[in-house]
Amino acid sequence: MKIEVNGEAREGIATITDAVAAVTAARRGIAVALNGEVVPRSEWDRPLADGDAVEVLTATQGG
Amino acid sequence: MDQHTTARIGTARDADLKIADKTFTSRLILGTGGAANHAQLAEAITASGTELVTVALRRVDPGASGSILDVIERCGVELLPNTAGCFTAEQAVRTAKLAREAFGTNWIKLEVIGDEDTLLPDPVELLDAAETLVGDGFTVLPYTSDDPVLARRLEDAGCAAVMPLAAPIGTGLGVRNPHNMALICENANVPVICDAGIGTASDAALAMELGCSAVLLATAVTRAADPALMAAAMRDAVSAGRAARLAGRIPKRHLANASSSFDGMADL
């Protein structure tokens, strides 16, 4: 199953929790979009499907 | 002006800045974009006296050392996420919802830009996004052009403040249309926050003298040769501009008006 995390194709990712763990150890200040839609933290264990695109976002410097 | 004097103006002569359900003693909001590193940013935040700083939402950087969230927490200031980089209402609404999820705040600095060269707001998309976000319970602070009609429409849509630009983002050109800025301030029933285009302290002071409730700036401080010193200058400029506004400036005159009376002048 191929999942895209922050624009990079990855293997062995079954849930959003896996996708987050693949790019950061942080949990505070993190938000996730699945195929463009916000996924609340309470639903991060939801299984992903082949071709899903996950965005893992956090705060960065900005005006 | 030292902290003590600033506070005295804040309590004796002026009310705190109130935006939605929050009050602020400082009338300077600092954007964090452009700082060379977190240590320099922390110094600038402290020197500015701000109580509210903006952040953007981006993909996590696995190689990043330290989080800006730690800087904000250490400085004891509040965080205002923005929707910088969004070109459509749909993108901005999604970004706002992600920011709410990430930071647990329903406050959002709403930016919807029209093109990459000017970074000017797209008024149609901006108003559309503002209406959607207000309806979804957000406290919306829109970055807008210096158009009094659009400012009124944003206020009517339920925005908690309006944030007209002084000049395009990062230009440092100062208040390009003081007349429009003053008109927006005269007509608004929500705080008017001058956002973007400030270059130096006199620009910030002018915005406050024109009637703005606060100033939001980033580049002018973060890319100054000495960011902490410029942050202190901006703090003082905003305080001075506010005080001058409250004090009531003298009218401008075409011809001179002697301050020393001619009465009793000796016949020499």
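Begin by selecting B:Gly211, which lies just after helix H8 of chain B and takes a positive phi of about 115°; helices (H or I, at least four residues) and strands (E, at least two) are DSSP runs, numbered from the N terminus. The model is predicted, so local features need pLDDT of at least 70 and side-chain atom pairs count only at pLDDT 80 or more, whereas totals for chains, interfaces and linings use all residues. Residues are numbered from 1 along each chain as its sequence is written, while chains are lettered from A and ligands numbered from 1 in the order in which they are written.

Next, select helix H8 itself, residues 201-209 of chain B, where seven of the nine residues are buried, so that the helix is largely enclosed by the rest of the structure. A residue is called buried if 20 or more other C-beta atoms lie within 10 Å of its own, exposed if 12 or fewer, and partly exposed in between, with C-beta atoms placed from the backbone. Among the buried residues of H8(B) are B:Asp203, B:Leu206 and B:Met208, and the buried residues of this helix pack against helix H7 (178-187), strand E9 (193-195), strand E10 (214-217) and helix H10 (227-247) of chain B.

B:Lys109 counts as buried because it has 28 C-beta neighbours inside 10 Å. Leaving aside neighbours within four places in sequence, its contacts (C-beta atoms, placed from the backbone, within 7 Å) include B:Thr54, B:Asn82 and B:Tyr143.

Two strands pair if DSSP finds at least two bridges between them, and four bridges join E6(B) to strand E7 (residues 139-144) of chain B; B:Trp107 stands opposite B:Thr139 in E7(B).

Finally, select B:Leu119, in the loop between E6 and helix H5 (123-135) of chain B, where phi is near 55°, a positive value in a residue other than glycine. Most residues other than glycine have a negative phi.

Definitions and conventions
Two residues are in contact if their C-beta atoms, placed from the backbone, lie within 7 Å.
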